[in-house]
Amino acid sequence: VLVAAGSGSRLGAGFPKALVEVAGDTLIGHCLRAVQQVPAIAEVVVVAPADGVDAVVRAVAGRFTARVVAGGTTRDASVRKGLEALDPQLTHVLIHDAARPFTPTQVYRRVLAELAAGAVAVVPALPVTDTVKRVRDGVVVKTLDRDELVGVQTPQGFRLAELRAAHARQRGEVTDDAMLMEQAGIAVRVVTGSDHAFKITTPFDLAVARAMQED
Ligand code: C5P
């Protein structure tokens with residue numbers, strides 16, 4: 001499930017972020033190209049902004065066999081729309097942010113290998129390099145122990161039955177799917193992510209992505 005329904009307001013492009021072009025292709029196009037190189041992925045559902053379904057269909061058409069469905073107002077609502085559109089026979093799913101178009105296929109493979117070894121939930125992650133502090137009203141409350149912290153990326157992999165159940169029980173805001181599994185008391189395994197799996201959120205990130213592709 002490729003979630004691509006974000007508005008991209010922090011990017012300021014004025015149209016859906018997933019349709020922004022880098023090196024001659026949309027963010028969705030780059031993601032799908034990686035997915036095509038991973039044979040274990042049987043089907044792809046792209047979750048598009050409700051007012052951008054036709055544009056996403058056009059971006060995908062003739063190049064990939066991917067179903068396109070309309071997303072929701074939050075990321076988790078968009079994921080649920082994607083899950084509903086999946087073939088009910090499938091046993092596992094990867095949820096990937098379209099905003100991470102340069103995620104190497106090795107990261108997909110690491111997540112899949114862990115699922116194949118029996119994990120119920122898997123996330124790729126990298127150690128954080130900044131010192132991270134909790135701040136309230138402009139004042140530092142606590143410095144967190146960096147040795148215990150990682151930055152979590154996508155694709156995140158799950159056994160579908162448990163992920164569907166966790167989404168059905170969801171209360172409150174979540175920023176990724178692994179968080180729902182944690183709340184359900186399910187162990188979330190961590191594999192090594194990649195610097196190239198960084199998320200394009202701000203105009204600076206987009207500039208970095210474009211500079212990288214010029215190399
Ligand atoms: O907003 P955030 O950076 O967390 O978005 C991560 C991913 O979730 C992006 O690929 C974005 O398109 C997707 N998303 C979505 N539906 C939303 C919000 C975000 O599919 N309502």
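Student: Which residues of S4 point one way, which point the other way, and are they buried or exposed?

Tutor: In this predicted model, Val-44, Val-46 and Ala-48 point one way from S4, while Val-45 and Val-47 point the other way, and all of them are buried. In a regular strand the side chains alternate between the two faces of the sheet.

Student: What makes strand S4 largely enclosed by the rest of the structure?

Tutor: Strand S4 spans residues 44–48, and five of its five residues are buried, so the strand is largely enclosed by the rest of the structure. Here buried means a relative accessible area under 20%.

Student: How do you know that S1 and S5 pair with S4?

Tutor: Pairing requires at least two bridges between two strands. Strand S1, residues 2–3, meets S4 in the parallel sense over two bridges, with Leu-2 standing opposite Val-46. Strand S5, residues 66–70, also runs parallel to S4 and is joined to it by five bridges, and the bridge partner of Val-47 there is Val-69.

Student: Why are the buried residues of helix H5 said to lie on the same side of the helix?

Tutor: The buried residues of H5, which covers residues 160–168, are Leu-160, Leu-163, Ala-166 and His-167. They cover an arc of only 130 degrees around the axis, which puts them on the same side of H5. On the other side of the helix, Ala-161 and Ala-168 are exposed. The cover over the buried residues of H5 includes helix H3 (75–84), strand S6 (92–97), strand S11 (156–159) and helix H6 (177–183).

Student: Why is Thr-201 called buried?

Tutor: Its relative accessible area is 12%, and the cut-off for a buried residue is under 20%, so Thr-201 counts as buried. Thr-201 is placed in the loop between strand S12 (188–192) and helix H7 (203–214), and, residues up to four places away in sequence being left out of the count, Thr-201 touches Arg-10, Leu-11 and Lys-17.

Student: Why is Asp-195 called exposed?

Tutor: Asp-195 has a relative accessibility of 64%, and exposed means over 50%, so Asp-195 counts as exposed. Asp-195 is found in the loop between S12 and H7. From C-alpha to C-alpha, Asp-195 and Pro-104 are 9.4 Å apart in space, although 91 residues apart in sequence.

Student: What makes the backbone of Ala-23 and of Asp-137 worth a remark?

Tutor: Most residues other than glycine have a negative phi, and most peptide bonds are trans. Phi of Ala-23 is near 50 degrees, a positive value in a residue other than glycine, and phi of Asp-137 is also near 50 degrees and positive. Ala-23 lies in the loop between strand S2 (21–22) and strand S3 (25–26), whereas Asp-137 lies in the loop between strand S8 (133–136) and strand S9 (139–143). With a relative accessible area of 53%, Ala-23 is exposed, and Asp-137, at 79% relative accessibility, counts as exposed.

Student: What kind of peptide bond joins Thr-154 and Pro-155?

Tutor: The bond joining Thr-154 and Pro-155 is cis, with omega about 10 degrees, and Pro-155 lies in the loop between strand S10 (150–152) and S11.

Methods:
Residues are numbered from 1 along each chain as its sequence is written. This is a predicted model: local features need pLDDT of at least 70, side-chain atom pairs count only at pLDDT 80 or more; totals for chains, interfaces and linings use all residues. Side-chain values use heavy atoms; hydrogens and water are left out. Buried means under 20% relative accessible area, exposed over 50%, partly exposed in between (1.4 Å probe, protein chains only). Helices (H or I, at least four residues) and strands (E, at least two) are DSSP runs, numbered from the N terminus. The arc is that of the directions from the helix axis to the C-beta atoms. Contact means heavy atoms within 4.5 Å.
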